[in-house]
Amino acid sequence: MAIISDDENFSKKVKKNVLVKPEVNEYDKTFENNIRPKSFDSYIGQTNLKETLKISIEAAKKRETPLDHILFYGPPGLGKTTLAGVIAQETGVSIKITSAPSLERPRDIIGILMSLKAGEILFIDEIHRLNKLAEEILYSAMEDFCLDMTTGKSQSVKTMRVPLVKFTMIGATTKAGDLSSPLRDRFGLIHRLEFYTKEELIQVVKRTASILNIKITDDGAAEIASRSRGTPRIANRLVKRVGDFAIVKFDGVITEEVAKKSLETLDIDNMGLNSTDRTLLRLIIEKYDGGPVGIETLSAALGEDIKTLEDVCEPYLLQTGFLQRTPRGRKVSPEAMRYLGYKPLGASQQTLF
Ligand code: ADP
């Protein structure tokens, strides 16, 4: 039974499924900035991490020194940027936000470092994408708060140290493993952000609905929370879209029924999987006997780049246990086979219905 669509159709489907992609575009940025929590009290979940950070902030205040450099890692949409803003707010300092791809030339990073005010936070998103030169400039900036600059050419080369103000660097990455060890070693605190529980996501959903003035019942919030892939960014997007459905097609309130019907229309299933996830799993089951299969092969077969598969689809599929990473490639679990209506491995590869 051929369930796999051809590559072209698949790519179209992928583009349609932006709702459950944890990445951001320009429209999202404005929407997100309006609903971003600004304090530890309004920042939901990540309890242990918040406690650790509160202690570090308190200690830094008592010592009257800037906070240690911090690295946050974890899948997109879990609140790394938001947390950097919360830290700035709670510490009472300002924050400059940038991302590694916009620091291409050495003068970009030098310019930003020299413009920092004492104690200010520099937040660099996607820090694993920093180029080598920018990274080397950061070594002395982070460690000794100075820039080692060279002037002149060949025999007349001179090195000089330019002092910088003391600052705190917060880096965020989806791929901690891609950071070089000299850079990683310069962070005093390294923390992983966890996927959110359903209860935490219910709070996120209710908070966002209230900011957006959308009426929502407890059941409605629970329905959206359970389909949000453990990710606040997705929960927020779904609140907005389901809110639109509620106003246009129903009586304006997000109830369980409204949430279910809207999310079905948006092609988001009970577990928050979209057609991209399902097609990926089905491809491994049907064409590669459940795996293992290399990510390069999957990427070519699906017409989707490896980065999107690794950063967007996989983290949640790994978290649910539907997908497993092995040294020889990706494998689908028996749970995923059952969920998609296949007989688990060992039995024939036919669908149950
Ligand atoms: P990341 O930097 O990890 O990709 P963001 O910090 O940009 O994620 O978070 C995405 C959105 O999710 C934010 O706009 C924010 O409103 C929401 N969000 C993230 N974490 C939380 C949280 N702990 N509590 C409430 N909302 C959150």
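Modeller: Let's begin with Lys307, which is partly exposed at a relative accessible area of 37%; buried here means under 20% relative accessible area, exposed means over 50%, and partly exposed is in between, with a 1.4 Å probe and protein chains only. Before going on, please keep in mind that this is a predicted model, in which local features need pLDDT of at least 70 and side-chain atom pairs count only at pLDDT 80 or more, while totals for chains, interfaces and linings use all residues. Residues are numbered from 1 along each chain as its sequence is written, and side-chain values use heavy atoms, leaving out hydrogens and water.

The partner of Lys307 is Asp311: the two form a salt bridge whose closest N and O atoms are 3.0 Å apart. By salt bridge I mean a side-chain nitrogen of Lys or Arg within 4 Å of a carboxyl oxygen of Asp or Glu. Both residues belong to helix α14 (residues 306–320), where they sit four residues apart, about one turn of the helix. (Helices are DSSP runs of H or I with at least four residues, strands are E runs of at least two, and both are numbered from the N terminus.) Whereas Lys307 is partly exposed, Asp311 counts as buried, with a relative accessibility of 8%.

Glu314 and Arg330 meet through their side chains in a salt bridge, with 2.6 Å from N to O. This one links distant parts of the chain, since Glu314 is in helix α14 and Arg330 is in strand β11 (residues 329–332), 16 residues apart. Both Glu314 and Arg330 are buried. Through shared partners, salt bridges join Lys175, Lys307, Glu310, Asp311, Glu314, Arg325 and Arg330 into one network.

How many salt bridges turn up in a search of the whole structure? There are 24. Asp267 is partly exposed, at 29% relative accessible area, while Arg278 is buried, at 13%.

Now for the ligand. A polar side-chain atom of Arg36 is 3.1 Å from a ligand oxygen, a polar backbone atom of Gly77 is 2.8 Å from an oxygen atom of the ligand, and an N or O atom in the side chain of Asn236 is 3.4 Å from one. The protein covers 97% of the 560 Å² of accessible area that the ligand has on its own, an area that comes from the Shrake-Rupley method with a 1.4 Å probe. Helices α2 (26–35), α4 (80–91) and α10 (232–249) are the elements giving two or more residues to the shell around the ligand. There are 17 residues around the ligand, and Ile44, Gly77, Thr81, Thr82 and Arg233 come nearest; a residue is near if one of its heavy atoms lies within 4 Å. At least three residues of the shell come from each of domain 1 (7–192) and domain 2 (198–265), with bounds taken from an automatic or database domain assignment.

Finally, some backbone details. Most residues other than glycine have a negative phi, and most peptide bonds are trans. Gln46 has a positive phi, near 50°; Gln46 lies in the loop between α2 and α3 (47–63) and is buried at 9% relative accessibility. Arg229 also has a positive phi, near 55°; its place is the loop between α9 (218–226) and α10, and Arg229 is buried at 3%. The peptide bond from Gly291 to Pro292 is cis, with omega near 5°, and Pro292 is found in the loop between α12 and α13 (295–302).

Conventions
Polar contact = N/O pair within 3.5 Å; in protein donor to acceptor, adjacent residues only side chain to side chain.
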